[in-house]
Amino acid sequence: MIPLPHKVRGRAGPLVVLLHGFAGDKEGWTALFGPLSKVRRTVVMDLPGHGAAVPWAPVPDAKAMADAVIASLDAMGIARAALVGHSLGGAVAALVGLLRPDLVARLILLAPGGFGPEMNARLLRHFAVARDGAALRAPLEGLFAPTAALPAGLLEGMVAAREDDALAASHAAIVGVITKGDGQGTLPLAKLAAQPFPVTLVWGEDDGILPVRQAHGAPAVFARHILPGVGHMPHLEAPALTKEILVKTLGV
């Protein structure tokens, strides 16, 4: 099969694969892709229904996305990699680990989905369908800590991307399958904890989408980093700290 749209950068050696969150794409890792690729061979890819992979599958859920990531890694000849996943991408990375533990050296999950039933589904639904700046600003700001400013150009870039009708329709459809009523589905965390690879959680203390208590309630064997003054977007709100955590966790 043809792998999901992706970019690879960095020296030869152990790989790290970065999986973005809902309504994001591989370009959302810009703050980490370059710096991390200086110490690890790094892959960023678009999940099905996002970015350049909008036509990949009809209304993919997290399981379908995980299947596509597995097939892509196999097609790329990647036998083993560290997976870093944010939000929905964190749930996808965890499912890859559950389905194909042989592919996973370790998981580093940034505010991952599936760690508890609570989720701000209402905000995500508004975020999914907003297309102009006036409608998009409030839900976008809700992804960040109350004291955080939006990164320069982020709002304008999202508005421009959502001029694509197919992309906008894909986001609207996907939010319907990843939300469950007012919340979300959950992962089998005990089974994840029993896998042969280590799991590290990175979570903002002020996350308004997935409450930080889900990190505290996760299996004790998981390492965790709780970031004060950070919301649901640690890789954008605290990129230097997030990169430092990744580098130290990866052992590079």
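Trainee: Which residues does L103 touch, not counting those up to four places away in sequence?
Mentor: L103 touches I70, L73, D74, I78, A79, R80 and A81, where contact means heavy atoms within 4.5 Å. This is a predicted model: local features need pLDDT of at least 70, side-chain atom pairs count only at pLDDT 80 or more, and totals for chains, interfaces and linings use all residues. Numbering starts from 1 along each chain as its sequence is written, and side-chain values use heavy atoms, leaving out hydrogens and water.

Trainee: Why is L103 called buried?
Mentor: Buried means under 20% relative accessible area (exposed is over 50%, partly exposed in between; 1.4 Å probe, protein chains only). L103 comes out at 2% relative accessibility, so L103 counts as buried.

Trainee: Where is L103 found?
Mentor: In the loop between α3 (88-99) and β5 (104-110). Helices (H or I, at least four residues) and strands (E, at least two) are DSSP runs, numbered from the N terminus.

Trainee: What makes a set of residues a nonpolar core?
Mentor: They're buried Ala, Val, Leu, Ile, Met, Phe, Trp, Tyr and Cys residues joined through side-chain atoms within 4.5 Å. The largest one here has 64 residues, and F22, L107 and F115 touch the most other members. Apart from it lies another core, of 19 residues, including V16 and L246.

Trainee: What does L107 touch, not counting residues up to four places away in sequence?
Mentor: Its contacts are L83, A93, A94, L192, F197, P198, V199 and T200. As a general point, nonpolar side chains tend to be buried together in soluble globular proteins.
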